[in-house]
Amino acid sequence: LRRVRGVVRVLLAGGRIGCAALMQLDDMPTAIIGAIDLFAIGGLQEAQARGLIVPSDFSIVGIDDLDMS
């Protein structure tokens, strides 16, 4: 279980890092698609941390249909 939690934290962090990189572009996207829901949830966390309102300001889609998403 501890290993699973570690993987979840890494995937969430990856989503945040990827979203942060996209948000630094001169022409920031208005939406992202997370290849897995944990990436999308990390992107959601990053968008909210930057004061964006999802989905009004920024749209995020995850693909694998996890219960937590």
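Contact means heavy atoms within 4.5 Å of each other. Keep that in mind for these exercises on a predicted model, in which local features need pLDDT of at least 70, side-chain atom pairs count only at pLDDT 80 or more, and totals for chains, interfaces and linings use all residues. Residues are numbered from 1 along each chain as its sequence is written, and side-chain values use heavy atoms, with hydrogens and water left out.

**Exercise 1. Find which helices and strands the chain has, and in which pattern they follow one another.**

Step 1: Helices (H or I, at least four residues) and strands (E, at least two) are DSSP runs, numbered from the N terminus.
Step 2: Counting them gives two helices and two strands.

**Exercise 2. Work out how the span of α2 compares with the expected one.**

Step 1: The expected span of a helix is 1.5 Å times one less than its number of residues.
Step 2: For the 13 residues of α2, at 1.5 Å a residue, 18 Å is expected.
Step 3: From first C-alpha to last, α2 reaches 18 Å, close to that expectation.

**Exercise 3. Decide whether E46 is buried or exposed, and list what E46 touches.**

Step 1: Buried means under 20% relative accessible area, exposed over 50%, and partly exposed in between (1.4 Å probe, protein chains only).
Step 2: E46 has a relative accessible area of 11%, so this residue is buried.
Step 3: Leave out residues up to four places away in sequence, and E46 touches R16, C19 and A20.
Step 4: Now look at the helix around E46, which is α2 (residues 37-49). Its buried residues include L38, I41 and A47 as well as E46.
Step 5: The buried residues of α2 pack against α1 (2-23), β1 (31-34) and β2.

**Exercise 4. Find what share of the chain's contacts joins residues at least 24 apart.**

Step 1: Consider contacts between residues at least 6 apart in sequence.
Step 2: Of these, 76% join residues at least 24 apart.
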